Amino acid sequence: MNKSVLSLAVITVVEGLQCFQCTGVSEPKDCTTVVLHYEDQNREGKNGTDEKNKNARGSNQDNQCFTDFYVTEQGFLYYDLGCRIEDICLATLVLTENFQERYQLRCEKKHVCQDSLSGQFHGHPKSAPLPFGKRQFTFPLTECEYCCDKSFCNSKECVKVCGPKAADIIFALDASESLTAADFEIEKEFVYNFTKQFKIGRDNVQFGAITIADHPRPDFYLNTYHDRRHLLDKIQSLVFLQSGTNTADTLKIIHDEMFKGGHGGRHSASRIVVVLTDGMSKETNRTREEAHNLQKVATVHAIGIGSLVNNEELAAIDSNRKPGTVTGFDVLHTMGDYLMEIACPGTHTALIINVSDQDS
């Protein structure tokens with residue numbers, strides 16, 4: 001006699017606010033840990049909880065998911081994700097140093113759901129204030145904070161928009177024989193951390209790069225990458241040439257080729273060039289000529305690294321004749337904030353919102 005077997009599919013319905021929770025991840029999508037705040041876990045008698053526990057935790061409606069995007073003293077960018085109390089999520093209107101209005105979103109860390117890892121929020125300790133130029137910063141610097149009240153809603157990325165209009169930004173990286181492979185890796189890391197902060201695309205910021213060498217190497221054009229992940233992967237894969245410092249031909253290629261419409265150049269966008277170099281070019285007079293030509297079509301910012309820099313040549317390369325300088329590659333990361341201010345004045349932070357997010 002055949003016996004039929006009845007199979008039952010058990011579906012677990014989870015009620016309550018579910019938030020991604022991680023500390024120090026490179027991107028929100030890298031976070032897979034979920035913290036759950038049960039909606040009726042606060043009700044008296046449910047799972048042994050009582051009114052006292054309710055007061056300690058707050059109701060489900062009082063909690064929100066959050067994302068903090070911050071930069072460390074070394075220039076690295078990370079995210080913290082989790083959940084915290086709703087009534088201390090604030091939007092404050094602030095003024096920048098250029099007297100521009102900006103809304104700053106803040107989620108104070110006064111209360112965090114007990115369901116978080118180990119029952120507490122694993123935040124990053126603040127270091128002592130450190131001087132940079134005329135100002136002092138306390139690290140890590142919070143670049144963006146936001147809260148939201150739907151499950152899994154804190155997976156969005158915080159990005160920067162470069163000034164009031166779109167921008168085409170080209171980096172020129174020094175790969176001369178005076179550098180070591182480790183120095184070039186620091187250059188790449190600097191460019192990586194700068195580009196990582198921006199919203200990439202045809203209607204936003206586009207990046208290109210060229211390596212300064214005997215025979216300058218265009219690494220990618222403005223329209224090569226409109227996906228941030230592929231752009232960052234390419235920056236990380238750049239190979240050190242250990243060649244000469246042919247800055248003149250580098251600037252000429254940028255002028256003649258890299259801003260062309262066929263390579264993604266846009267007439268409506270701000271054109272910005274950032275030149276990183278640790279020394280004097282092979283042909284100083286010709287470098288000045290090519291810099292002058294390039295300055296007619298783009299704003300050029302020069303950053304000199306180390307003690308071998310020719311300050312007069314560097315000033316000639318820079319459109320404002322006020323180049324930035326650092327004492328060595330080990331402190332190049334300190335120029336990130338400086339470059340953000342001069343290359344993208346009026347920069348503001350936004351969230352990457354998908355169409356599906358707008359409907360939810």
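Is Ser176 buried or exposed? At 1% relative accessibility, Ser176 counts as buried. Keep that in mind as you browse these close-ups, which all come from a predicted model.

**View 1. Ser176 sits in the loop between β12 and α2.** Here we look at the surroundings of a single serine. Its side chain makes a polar contact of 3.1 Å with the side chain of Ser178. Once neighbours within four places in sequence are left aside, Ser176 is in contact with Ile212, Phe240, Gln242, Ser243, Gly244, Thr245 and Asp278. Ser176 has a relative accessibility of 1%, so the residue falls under the 20% limit for being buried.

**View 2. β12, β13, β14, β15, β16 and β17 belong to an open six-stranded sheet.** Reading across the sheet, the order is β14-β13-β12-β15-β16-β17, and the pairing is mixed. Which strands stand at the edges? They are β14 (217-220) and β17 (324-326); each has a single partner strand, so one side of each is left without a neighbour in the sheet. From one strand to the next, the twist averages 20°. If you zoom in on β13 and β14, you will find them paired in the antiparallel sense over three bridges.

**View 3. Phe171 and Phe194 form an edge-to-face aromatic pair.** The ring centres are 5.7 Å apart, with 75° between the planes. This angle is over 60 degrees, so the pair counts as edge-to-face. Phe171 is in strand β12 (residues 167-174) and Phe194 in helix α2 (residues 181-195), so this pair, 23 residues apart, links distant parts of the chain. Phe171 counts as buried at 1% relative accessibility, and Phe194 does too, at 3%. The model has nine aromatic pairs by count.

**View 4. The largest nonpolar core has 36 residues.** Which residues have the most contacts inside this core? They are Ile169, Phe171, Phe198 and Phe207. Two or more residues come from each of β12, α2, β13 (205-212), α3 (228-237), β15 (270-277), β16 (299-305) and α7 (336-343). Helix α2 gives the most, with five residues. Apart from this core lies another, of 20 residues, among them Ile253, Val275, Val300 and Leu314.

**View 5. Phe171 has contacts beyond its sequence neighbours.** With residues within four places in sequence left aside, the contacts of Phe171 include Phe190, Val191, Phe194 and Thr195. Also in contact with Phe171 are Phe207, Gly208, Ala209, Ile210, Val274 and Leu339.

**View 6. Tyr79 is found in strand β5 (residues 77-85).** Tyr79 is buried, with a relative accessible area of 1%. How far apart are Tyr79 and Cys31 in space, C-alpha to C-alpha? The distance is 9.3 Å, while in sequence Tyr79 and Cys31 are 48 residues apart.

Notes:
Residues are numbered from 1 along each chain as its sequence is written. This is a predicted model: local features need pLDDT of at least 70, side-chain atom pairs count only at pLDDT 80 or more; totals for chains, interfaces and linings use all residues. Side-chain values use heavy atoms; hydrogens and water are left out. Rings of Phe, Tyr and Trp (its six-membered ring) pair if their centres lie within 6.5 Å; planes under 30 degrees apart count as stacked, over 60 as edge-to-face and the rest as tilted. Helices (H or I, at least four residues) and strands (E, at least two) are DSSP runs, numbered from the N terminus. Buried means under 20% relative accessible area, exposed over 50%, partly exposed in between (1.4 Å probe, protein chains only). A polar contact is a pair of N or O atoms within 3.5 Å; within protein, one must be able to donate a hydrogen and the other to accept it, and residues adjacent in sequence count only if both atoms are side-chain atoms. Contact means heavy atoms within 4.5 Å. A nonpolar core is a set of buried Ala, Val, Leu, Ile, Met, Phe, Trp, Tyr and Cys residues joined through side-chain atoms within 4.5 Å. Two strands pair if DSSP finds at least two bridges between them. Axes are lines fitted to C-alpha atoms, for helices over the stretch in contact, and angles run from 0 to 180 degrees between N-to-C directions.
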